[in-house]
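User: I have a structure open and would like to go through some of its parts. Could we take them one at a time?
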Amino acid sequence: MATAPSFVIDNIRIFTGEEVIENGYVYVSDGVIVEVRSGSIPSDTDSSIERISKPGHTLLPGFIDAHVHAWRGDETALVLALKFGITTVLDMHLEPPYVKKLKALCADKQNDSLYADFFTAGLGAATGEGYPEIIMTDWIGTPSALADMALWPKLKSVADVKSYIRDSITQGSDYIKIFHESGKPMGMELKLPSIELLTAIIEEAHTNNLKVVAHAQTVEDTIAVLNCGTNGLAHSCCDVKPTEALVKAYQRRNAWCCPTLAATAMFTEEEREKAFKYAKDPRIVDIVGEEESKRLCKCMSHFKGHAELKHAVDSVKMLHAAGIDIVCGSDSVGSGKLGIGWGSSFHHELSMLVDNVGMSTIDALKTATINPAKRFGLSDRGIIKTGYRADLALFDGNPLENIDHTMNCKAVWKSGTLSMYSKK
Ligand SMILES: [Zn+2]
């Protein structure tokens, strides 16, 4: 097996995920962080070790995108993530053949320079009606989408739960995704799964040491699913003004929230100028190309008139102020799907956490590193610390002063393997 080379990155600013080192170095050997210190590397360090000196640059833990869809197992999701400084993606619903394919690609160390690391919910707890079936049938409706949907579970009662969780584990699910979507943000009325069923799924997942992430987008649906015991939410609430009861429900469960604000803005067709700014930014266009850039300017708009970005932003403000962990996720689906792109939209989301929610840049960067690592139990990453994986991203400038600088990604290492190095 190839081992990743030893190297030192020095004369850099470091945000470890916990603290800022204004001028320091990181020593990496065999894919692992060996030393992180302020100051210069000791003069007696082995001179044969490669040294990368980058004054004016900032080193961060490789980002973790806590909500992606590697649609139909397209490895482009993992390729683009890495190019944008994201070393781990957390997929939120994928059919078993595609899970198998992407996990095999990531298991091969030879591929470390090509693909971001991949975790997945596998098949979400679909019931055969309501959401998300409506997306596949009414909005997508292609023969391939319908064929994929035929693989989904059809959880009808508590009696189906044990085999669903057992199959999920066999098929490689790293956590469980449930859905509680009344359809209100889309102006629809959809059949909801029973509270009894959701509770049974969560309990069985927890019995098997699996965390549960819930799709819900209204205050009412979110409180209901938190009361069932979910560990986290895959979206924020955008239907009405958020309430104290929402915050209390999060607090009672010590749950986290992945706001997906950029996706919400695309669904409600708000803040388009900002989306265009990202879509047309040369730092994005250079990587994704003109066609994808055009798609990033488009909207699905199916929340328009039924939901508001302001509600989603206000709910995240309240949760953050109350000390609820926020994790950054793009909800990107990728090529051919409008408005939200793999890799690129993660940076749009980060900027919204600062500009719309009002988070400090440090808090925003934590949502992209240490918070998702902690909340998803990824205990080997998300922080630059001795003994952790050398998942690192180097940026020209200082994202701690200006969050826009996360778009200035100049180098990415996954497990100490260099995947991208831009001299520009
Ligand atoms: Zn999603």
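User: Which residues is leucine 114 in contact with, leaving aside its neighbours within four places in sequence?
Analyst: With those neighbours set aside, leucine 114 is in contact with Val79 and Ser419. Please keep in mind that this is a predicted model.

User: And where is leucine 114 placed?
Analyst: Leucine 114 belongs to the loop between helix H2 (96-107) and S8.

User: Is leucine 114 buried, exposed or partly exposed, and why?
Analyst: Leucine 114 is partly exposed, because 16 other C-beta atoms lie within 10 Å. A residue needs 20 or more to count as buried and 12 or fewer to count as exposed.

User: What separates the C-alpha atoms of leucine 114 and alanine 214?
Analyst: Their C-alpha atoms are separated by 30 Å, and the two residues are 100 residues apart along the chain.

User: Let us turn to the sheet with S8. What is the order of its strands?
Analyst: The order is S6-S7-S8, in an open sheet of 3 strands with parallel pairing. Strand S6 (63-68) and strand S8 (117-120) are at the edges, and each has a single partner strand, so one side of each has no neighbour in the sheet. On average, neighbouring strands here are turned by 20 degrees against each other, direction ignored.

User: How many bridges join S6 to S7?
Analyst: There are 4 bridges between S6 and strand S7 (residues 86-91), and the two strands run parallel. As for individual residues, aspartate 65 has valine 89 in S7 as its bridge partner.

User: Which strands does helix H1 lie across?
Analyst: Helix H1 (residues 76-83) lies across S6, S7 and S8, and it runs at about 140 degrees to S7.

User: New topic: the open sheet of 4 strands. What is the order there?
Analyst: That sheet has the order S9-S10-S11-S12, again with parallel pairing. Strand S9 (176-179) and strand S12 (256-257) are its edge strands, each pairing on one side only. S9 and strand S10 (residues 212-215) run parallel and are joined by 4 bridges. Within this pair, lysine 177 stands opposite valine 213 in S10.

User: Which strands does H6 touch?
Analyst: H6 packs on the sheet and touches S9 and S10, and its direction makes about 170 degrees with that of S9.

User: At what angle do H5 and H6 pack?
Analyst: Helix H5 (residues 161-170) and helix H6 (residues 195-207) pack at about 45 degrees, and their axes are 9 Å apart. H5 and H6 are therefore oblique to each other. The crossing of H5 past H6 is right-handed. On the H5 side, Val161, Lys162 and Ile165 make the contact, while H6 contributes Ala200, Ile201, Glu204 and Ala205. By class, the contact has 5 nonpolar, no polar and 2 charged residues.

User: And what about H7 and H8: at what angle do they pack?
Analyst: Helix H7 (residues 219-228) and helix H8 (residues 244-253) pack at about 20 degrees, with axes 9 Å apart. H7 and H8 are therefore roughly parallel to each other, and their crossing is left-handed.

User: Which residues meet there?
Analyst: Val219, Thr222, Ile223, Leu226 and Asn227 of H7 meet Ala245, Leu246, Ala249, Tyr250 and Arg253 of H8. The contact of H7 with H8 has 7 nonpolar, 2 polar and 1 charged residues.

Conventions
Residues numbered from 1 in each chain as written. Predicted model: local features only at pLDDT ≥ 70, side-chain atom pairs only at ≥ 80, totals over all residues. Axes fitted to C-alpha atoms, helices over the stretch in contact; angles between N-to-C directions. Parallel < 35°, antiparallel > 145°, perpendicular 65-115°, else oblique. Left-handed = near helix turned anticlockwise from the far one by under 90°. Contact = placed C-beta atoms within 7 Å. Nonpolar A, V, L, I, M, F, W, Y, C, P; charged D, E, K, R; others polar. Pairing = 2+ DSSP bridges.
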